[in-house]
Amino acid sequence: MTARPIVISCGEPAGIGPEVAAKAWAALGRDMPLAWIGDPAHLPEGTPVRVIADLSAVVGPCADALPVLARDFGSPRTPGRANPAHAKGVLNAIAEGVTLAASGQADAICTAPIHKAALIDGADFAYPGHTEFLSALAGDVPVVMMLACDSLRVVPATIHIPLRAVPAALTPDLLRGVITVTHSGLIRDFGIADPVIAVAGLNPHAGEDGKIGTEELDFITAVLDEIRADGIKLTGPLPADTMFHAAARKHYDAAVCMYHDQALIPIKTIDFAGGVNVTLGLPFVRTSPDHGTAFDIAGKGVADPTSMIAALRMARSMADARAI
Ligand SMILES: NC(=O)C1=CN([C@@H]2O[C@H](COP(=O)(O)OP(=O)(O)OC[C@H]3O[C@@H](n4cnc5c(N)ncnc54)[C@H](O)[C@@H]3O)[C@@H](O)[C@H]2O)C=CC1
Ligand SMILES: NCC(=O)COP(=O)(O)O
């Protein structure tokens, strides 16, 4: 089957999103069809652009110019300083990309980073991030955030909430849902027939038999036993400090963690440049680079596009896996 384009939503114009998208197109544009949604005036100067009316204009890889669904944001960007007037355009680009991916006109959406605070200030953005926004756009389907690189995949069970809110948010239902969506995603999107999932404990040493916290004894172990009884291969709850070294990583296909930093610190330490953020559970494919808007280097031309390139390659491979 002919590959349809992957659409890239512009993300925060004041960040490095436009730059890494342009650089990723320069690296991959001859290999796969791509299209960018945003204000072409926000792309780095000199980026060759072909404004298109709709995605039917992208019938294959386009190496001479980046196909752009041009949307007027009304004003130029200032690198490193978000303009609240751009917030609605940023969200519209994501929503439009979702419509294209969900309708099959695009094979996937790859989202460039948003600045969460700028979207709250400029557009009363009601979600903690893309992950929850995409779930809502898809009809409130249960989703999980996965970050993946060549040697590790991690899933935070709770995402963008304060650390002090984590224990209350971690419920048996939440954990069950996160593990089953992760399991299905590993099969559907990563082609792993019988995945093994490692689950971290919440407390140091996974609670040390209840001496350093009791959530493992209170419910985590019981939930894992239930899920194992359904035939899903699980290990845990494991002490989080000893489950990410190279030898330990060989024993599982994904690690479900209890909170954001427990999951993201290991992967961003192992491969910040090449990590990819994936949303599992959606009816369409979504990936994103693992990094944020990097205001400190925006507009300087020094942003590393490796993660955006990896995100586009992963989106392509996930879309191909779903097409089989
Ligand atoms: N998918 C998304 O939309 C994401 C958005 N964010 C948002 O980004 C904003 C900034 O977050 P931070 O925690 O500062 O993380 P960040 O990833 O934007 O920056 C952290 C450090 O890494 C550097 N860096 C990041 N990407 C780079 C690249 N491609 N090349 C070279 N250096 C790079 C930055 O210059 C900075 O020093 C926040 O509003 C956050 O919510 C963060 C992560 C993902
Ligand atoms: N820390 C990961 C991150 O901020 C990305 O979140 P999302 O926007 O993909 O939900």
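A residue is near a molecule if its C-beta atom, placed from the backbone, lies within 6 Å of it. By that rule, 19 residues surround ligand 1, and the closest are Pro113, His291, Gly292, Ala294 and Asp304. The model is predicted. The protein chain is assigned two domains: domain 1 covers 1-141 + 282-324, and domain 2 covers 144-273.

**Ligand surroundings**

- The shell around ligand 1 is made up of eight nonpolar, eight polar and three charged residues.

- The C-alpha centres of domain 1 and domain 2 are 29 Å apart.
- Contact between them involves eleven residues of domain 1 and eleven residues of domain 2.
- On the side of domain 1 that touches domain 2, helix H10 (residues 306-323) gives the most, with six residues.
- That side of domain 1 consists of four nonpolar, four polar and three charged residues.

**Strand S4 and its partners**

- Strand S4 spans residues 66-70, and four of its five residues are buried, so the strand is largely enclosed by the rest of the structure.
- Strand S2 (residues 34-38) pairs with S4 in the parallel sense, over three bridges.
- Gly38 has Ala70 as its bridge partner in S4.
- Strand S3 (residues 49-51) also pairs with S4 in the parallel sense, over three bridges.
- Val51 has Val68 as its bridge partner in S4.
- In a regular strand the side chains alternate between the two faces of the sheet.

**Annotated histidines**

- An unreviewed UniProt entry carries the annotation "binding site" for His160, His205 and His260.
- These residues are spread over 101 residues of sequence, and in space they are up to 23.6 Å apart between C-alpha atoms.
- His160 sits in the loop between strand S7 (152-156) and helix H5 (166-169).
- His160 has 13 other C-beta atoms within 10 Å, so it is partly exposed; a residue would need 20 or more to be buried, and 12 or fewer to be exposed.
- Not counting residues up to four places away in sequence, His160 touches Pro128, Gly129 and His260.
- His260 belongs to helix H9 (residues 260-271).
- His260 is partly exposed because 17 other C-beta atoms lie within 10 Å.
- With neighbours within four places in sequence left aside, the contacts of His260 are Pro156, Thr158, Ile159 and His160.

**Backbone details**

- Most residues other than glycine have a negative phi, and most peptide bonds are trans.
- Gly236 and Pro237 are joined by a cis peptide bond, with omega about 0 degrees.
- Pro237 is part of strand S9 (residues 233-238).
- Asp140 is not a glycine, yet its phi is positive, about 60 degrees.
- Asp140 is placed in the loop between helix H4 (130-137) and strand S6 (144-149).
- Asp140 counts as exposed because it has 9 C-beta neighbours inside 10 Å.
- Ala294, also not a glycine, has a positive phi of about 45 degrees.
- Ala294 is located in the loop between strand S12 (286-289) and H10.
- Ala294 has 19 other C-beta atoms within 10 Å, so it is partly exposed.

Methods: Residues are numbered from 1 along each chain as its sequence is written. Chains are lettered from A and ligands numbered from 1 in the order in which they are written. This is a predicted model: local features need pLDDT of at least 70, side-chain atom pairs count only at pLDDT 80 or more; totals for chains, interfaces and linings use all residues. Helices (H or I, at least four residues) and strands (E, at least two) are DSSP runs, numbered from the N terminus. Two strands pair if DSSP finds at least two bridges between them. Ala, Val, Leu, Ile, Met, Phe, Trp, Tyr, Cys and Pro count as nonpolar, Asp, Glu, Lys and Arg as charged, and the others, Gly among them, as polar. Domain bounds come from an automatic or database domain assignment. Two residues are in contact if their C-beta atoms, placed from the backbone, lie within 7 Å. UniProt positions are given in the numbering used here, feature names are shortened, and annotations may be inferred rather than shown by experiment.
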